[in-house]
Amino acid sequence: MRTLRLLAAGLLLLSIRPLAARQTFRLTDLHPETVRQSYGAAQIGRAVTGRPATVGGETFTDVIGTHAPSILQLDLHRRARSFRARVGVADNDIDYTASDLSPIALTDGSRLWYATDGDDRQFVGLARPDGTVGPGSVRFVVRGDGRDLYDSGVLHAGDAPQSIELDLTGISRLELAAEPTDDGSSGDHALWIAPRIEYDGDRCPEAITADSTNHLPNALTAAQEELLRQLDQLPVLTSEALYTPVSYDWLIDPSPSRARLYATPDRKGVILANDFVARVFRLVPNLATTEIVNRMTGESLIRAVSGEGTLTLDGREYPLGGLDGQPERGYLDPKWLDRLTSVPGSFTLEAFEFTPDVETLSWNRNRWALNTDDPTGSTLTFTLRGPEELGATTVRIAYTLYDRLPVVRKRFTLHNGASAPVTVDRFRLEQLAFAEPESPGGGDPTKFRLPNIHIESDYACGGEFFEPQTDITERWVEDPRYTSQRNYNLQTPCILEVAPPIGPAQSVQPGETFRSFAVCEMPFDSDDRERKGLFKRRMYHTLTPWVTQNPIFMHLTSSDPAVIRQAVDQCDSTGYEMIIISFGSGLNAEDTSAQNIEKWKTLVDYAAERGIEMGCYSLLASRWISDSVDVINPATGRRGGAKFGSSPCLSSQWGHDYFAKIRTFFEKTGMRCFEHDGSYPGDVCASTAHAYHNGLDDSQWNQFRTVTDLYHWMCRQGIYINVPDFYFLNGSTKTGIGYRETNWSLPRDRQIIHARQLNYDCTWDRPASACWSFVPLVEYQGGGAAATLEPLSDHLYEYKTHMMQNYGAGVQACYRGPRLYDTPATKEAVTEVIDWYKRYRRILNSDIIHLRRPDAREWDGLLHVDPSGPVKGLAMFFNPTDRAITRTIRLPLYYTGLTTRARIREAEGPAKSYRLDREYRATLHVTIPARGYTWYTIE
């Protein structure tokens, strides 16, 4: 009972206590160092020069004197009600020729002027490169929680002060900024006159301290002064905004996102961010990555400060930026950043620039493609200079952030400004200390979960169809300095290294530049396989739009002109768009004789007149040339032991001549497609006698550049490039879907199920348009008549089923044989499928949602989705059984972008309206004929 009485008494006291009175906070009571600025120190009661604060001859004493650019940040605790002040540009009559003034030169040619009195110095002005101090013009901006509340426009020296009166209700953070205008910062002596904040309660506004080191310009290098000046001109991205997850799904509509550059809240670093991902860099005392944020989840990905890589030049390793002194590597407390020091002997940051452009391959848009747009975004480039012995060597590290993708792309260039050559022995493009998703106490570290991020470089060559098998640059390694990790043996793979496996061992001559490969980094927001696959497919769709072309082609097995003309005519009459003169046909693209060129040019011209493109096949890897040409195994000193047994060295004289012949053949014949078998699978070569590499260490780099130079050229020309390897980032357009050749020797009915399994299994991580499958019209590697479709009219069911399940998946197959049809009925079937495919071409080339895997027991199917298209979805359903079946199927329509209702029609029938459930599914009752198929469109 006593407790209840006390509680009642307390409530009574609360109810009669008067509300806290409104109070006034004078900003001139703040310490001047709470103002962050690039030149000089803020002054209270005076101008920034230390002289009386006057505007048009009128003197003010209740004033804060600053120099633009400057910023004062205050935490209002959401208690403030109003802000009042006047602003103006201070008069300046200082004689900068006086003997008691002394200058400090900056790297851009400008100078800082100081008045000296014994050991004391007072900043008095910033001179322009011509030696004069400007009259001053300033823009005063007041921001509340990042939103502009007031903008003075341009105020000049002598203009009457402007008055400000603002409502601050609900504002948490207030920024008072004095910004330079188009004539630069010289003479920009800004005054905040009688600044007042009215607030409620006992808690007054507080300055957000930024440890202003800028008031001592001689404590920093001139380059660092310039960096800090640039930082002061950037908008600030608060921690709250940085870590707040984005409110929309970029896979449905990425259009609101743009790449932008911000300053960190302490204005000692920059944040490169779009709505999905951000990378945070510290700039002083040197460049380092302090954070990568998955803005889709709000998750921090980095646990320790990371440098920007390493360079080994002439046998010595140099860090690219980097900071030392973090006391704990399991997490990064921002309070530690000010205590970190530059890594001795490292390349040091000099400058940065932010430009609204991205680097991409040039490609000729000369045929249909789902995406014909180049990616957009912006690039942040840092310039670093080498230590004393490499003072003439600079490195420019470029980070491209795309507008509508959660992808950051990184590469660097090294410029040799010295008088002697320098050799790039090795480099690490990335060395990032990621937060580990798990760190078991023991066990096999190769089975530990890795960070949920996709890493892919454009230096990939492995002779395989899938990116993980062709990657040669991504390595997850241990961090021995991470002594607090839970793994007892300190073997957690928690540092990402991106580097070539060997070399590059490139000599850079005076005045020349070395260019690294590029790496793309994309965090995921889920472990869901379909969603992660959609991330990767959208990345290729955006960064490599040439893979969305997907022309309709056949593989012709003859080089007989009469057979070729017949095939061209059949393509023309059925809607096909391209013929590839296949392996085994007898075509030799290395024969650049006038007779061979004339033969093929005549046939190419014949096809072009009918709107049909023609291409050809050439074998590169897996062929044996000679002991003097083939790659030399470093373990044996002889050829053999390569990826495909033996392969020619592309940096031999033979390799140089081969690529010259291929280019000549295409230039002179007008061929429009190149099927390059094997391509370059990454074989190293220990020969020291080859003309275009010196030895083992430079052999991979030089060979890779040789083959990709050809692909880049072909991409510019609009030549379609089929390569059974993962060269998408270097211009190739299609790779093998993932079949085993001997399966095309199986009986026809088994091939149908296998082919549909391929379409299902092999389209999770790659666009279907970037994959080719196979249909053996004639015998391929065996199987006889039971495995082939010829005569086509005798196997029309199998032929049409192959076409429908391939085109229905958006997969182009190699229909390999001498013709497309043999009877009017066969021609009608081919034409019907091609017409259907072209009618739904956009949606059939759009993303796939995997519904049910083919198993020959029950229905199977795929769903195409296109939230931005007129047809939002197209579902393909197949029935492998010998009886018609009716099934209730809940169709997942989330990725169509539809939310409440959908109009769905079967085949060309009437549309019916369906209500979507809370998981965005429409319930269909689907009847599929025996050994048949049906399709539904979603609008």
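In which sense do β8 and strand β16 pair, and over how many bridges? I found that β8 and β16 (residues 189–200) pair in the antiparallel sense over 8 bridges. I took two strands as paired if DSSP finds at least two bridges between them. Strands (E, at least two residues) and helices (H or I, at least four) are DSSP runs, numbered from the N terminus.

**Basis.** I am working on a predicted model, in which local features need pLDDT of at least 70 and side-chain atom pairs count only at pLDDT 80 or more, whereas totals for chains, interfaces and linings use all residues. Residues are numbered from 1 along each chain as its sequence is written, and side-chain values use heavy atoms, with hydrogens and water left out.

**Strand β8.** I looked up the individual partners next. R84 has R196 of β16 as its bridge partner. β8 also pairs with strand β14 (residues 162–167), in the antiparallel sense over 6 bridges, and there F83 is the bridge partner of L166.

**Sheet β9-β10-β11.** I then examined an open sheet of 3 strands, in the order β9-β10-β11 with antiparallel pairing. β9 (101–105) and β11 (120–127) stand at its edges with a single partner strand each, so one side of each has no neighbour in the sheet. The twist averages 30° from one strand to the next. I recorded 7 bridges between β10 (residues 111–117) and β11, and A115 stands opposite Q122 in β11.

**Helices α8 and α9.** I checked how α8 (residues 653–669) packs with α9 (residues 696–717): the angle is about 10° and the axes are 11 Å apart. The axes are lines fitted to C-alpha atoms over the stretch in contact, and angles run from 0 to 180 degrees between N-to-C directions. The helices are therefore roughly parallel (angles under 35 degrees). On α8 the contact (heavy atoms within 4.5 Å) is made by F659, I662, R663, F666 and E667, and on α9 by T706, V707, L710, W713 and M714.

**Whole protein.** I noted 13 helices and 54 strands. The C-alpha trace spans about 100 × 85 × 60 Å along its principal axes. Of the 939 residues, 57% are buried. Among contacts between residues at least 6 apart in sequence, 70% join residues at least 24 apart.

Technical notes:
Parallel < 35°, antiparallel > 145°, perpendicular 65-115°, else oblique. Buried < 20%, exposed > 50% of the residue type's maximum accessible area, 1.4 Å probe, protein only.
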